[in-house]
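Q: I am new to reading protein structures. Can we go through one together, feature by feature?

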Amino acid sequence: MSAALPGAPTLTYDSSKTEQTLRVGSRCLVEIDVSGLPLPTITWKKDGQPIEDTSILSVRDDFTSLSIPKVKDSDTGMYTITAENSVGRATATFDVEIKGK
């Protein structure tokens, strides 16, 4: 049995989610499969700043999601996920715009 070879992180997601326009009160959901060896460290940012409300994030070894049950105007922004390990880094950006009711 051979050992698994190290690999840079990869992110797999629905590319139609990279630009979203949502109505106030609707749900924002972005789901991403994460792979890499060693397991990458996952970080989420909004407009370049770490996301403080960690209740909207789910992070596991091979999966992460951003879920905002009822969006509001202040949720508009650029959300960025970075997966990084000793071999490399992968980044994806999601532009979320919130419109009035």
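Q: Where is the place of P50?
A: Strands are DSSP runs of E, at least two residues long, and they are numbered from the N terminus. Here P50 sits in strand 5 (residues 49-50). One caution before we go on: this is a predicted model, where local features need pLDDT of at least 70 and side-chain atom pairs count only at pLDDT 80 or more, while totals for chains, interfaces and linings use all residues. Residues are numbered from 1 along each chain as its sequence is written, and side-chain values use heavy atoms, leaving out hydrogens and water.

Q: Is P50 buried or exposed?
A: Buried means under 20% relative accessible area, exposed means over 50%, and partly exposed lies in between (1.4 Å probe, protein chains only). P50 has a relative accessible area of 53%, so it is exposed.

Q: With which residues is P50 in contact?
A: Contact means heavy atoms within 4.5 Å. Leave aside the neighbours within four places in sequence, and P50 is in contact with W44 and K45.

Q: Where is K45 found, then?
A: K45 belongs to strand 4 (residues 41-46). K45 has a relative accessible area of 37%, so it counts as partly exposed. Beyond four places in sequence, K45 contacts P50, I51, M78, Y79 and T80. Sequence distance and spatial distance are separate things to read. K45 and G77 are 32 residues apart along the chain, yet their C-alpha atoms are separated by 9.9 Å.

Q: What does T64 look like, buried or exposed?
A: T64 is in strand 7 (residues 63-68). Its relative accessible area is 0%, so T64 is buried.

Q: With which side chain does the side chain of T64 make a polar contact?
A: A polar contact is a pair of N or O atoms within 3.5 Å; within protein, one must be able to donate a hydrogen and the other to accept it, and residues adjacent in sequence count only if both atoms are side-chain atoms. The partner side chain is that of W44, at 2.9 Å. The backbone oxygen of S58 also lies 2.8 Å from a polar atom of the T64 side chain.

Q: Where is N85 found?
A: Look in the loop between strand 8 (77-84) and strand 9 (89-99). N85 has 11% relative accessibility, so it counts as buried. A polar atom of its side chain lies 2.8 Å from the backbone nitrogen of V87. Among the residues that N85 touches, beyond four places in sequence, are G7, P9, L37 and P40.

Q: How many helices and strands does the chain have?
A: Helices are DSSP runs of H or I, at least four residues long. The chain has zero helices and nine strands.

Q: What share of the residues in the chain is buried?
A: Of the 101 residues, 33% are buried. Now read the contacts with a separation of 6 or more: residues 24 or more positions apart account for 65% of them. The C-alpha atoms fill a box of roughly 55 × 25 × 20 Å along the principal axes.
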